[in-house]
Amino acid sequence: KNVYMTCEDGSKFAFPKADCVMLPIVHSTVEEIAMYCWGQILLDLDAQYLVKRGIHTMAVTCSEAIGQEAVFRMRIPLEGSTTSPWKRGAEPTHSTITF
């Protein structure tokens with residue numbers, strides 16, 4: 001079984017399904033991957049426990065290559081907050097790409 005991809009420019013690719021991980025992101029940029037990972041890490045941790053321990057901000061850095069990285073840093077949402085950093089529209093407090 002394969003996963004097929006058609007790009008905006010019409011290029012087509014096929015990848016073995018066993019080699020793929022399907023993520024709920026629009027583009028496979030390091031910025032979006034960093035944002036997605038931030039959200040997944042927070043889901044696996046207890047946000048309220050972190051805040052009680054004095055941890056109010058978390059950052060995730062993803063790198064494509066040496067010198068090419070994106071940092072997603074955001075305050076840990078308080079209980080009842082509707083902020084969802086892994087969905088479109090959330091504004092990171094810091095994001096960089098270095099070439």
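Phe72 is buried (under 20% relative accessible area, with over 50% exposed and partly exposed in between; 1.4 Å probe, protein chains only), at a relative accessible area of 3%. This is a predicted model, where local features need pLDDT of at least 70 and side-chain atom pairs count only at pLDDT 80 or more, while totals for chains, interfaces and linings use all residues. Residues are numbered from 1 along each chain as its sequence is written, and side-chain values use heavy atoms, leaving out hydrogens and water.

Phe72 is also among the residues with the most contacts inside the largest nonpolar core, along with Trp38, Leu42 and Ile76; this core has 15 residues. A core here is a set of buried Ala, Val, Leu, Ile, Met, Phe, Trp, Tyr and Cys joined through side-chain atoms within 4.5 Å. Helices (H or I, at least four residues) and strands (E, at least two) are DSSP runs, numbered from the N terminus.

Now for the rings. They pair if the centres of Phe, Tyr or Trp rings (six-membered for Trp) lie within 6.5 Å; planes under 30 degrees apart are stacked, over 60 edge-to-face, the rest tilted. That rule gives 2 aromatic pairs:

| Pair | Centre to centre | Plane angle | Type |
|---|---|---|---|
| Phe13 and Phe15 | 6.3 Å | 20° | stacked |
| Trp38 and Phe72 | 5.7 Å | 80° | edge-to-face |

Trp38 sits in helix 1 and Phe72 in strand 4, so their pair ties together parts 34 residues apart in sequence. Trp38 is buried, at 0% relative accessible area, whereas Phe13 is partly exposed at 39% and Phe15 partly exposed at 35%.
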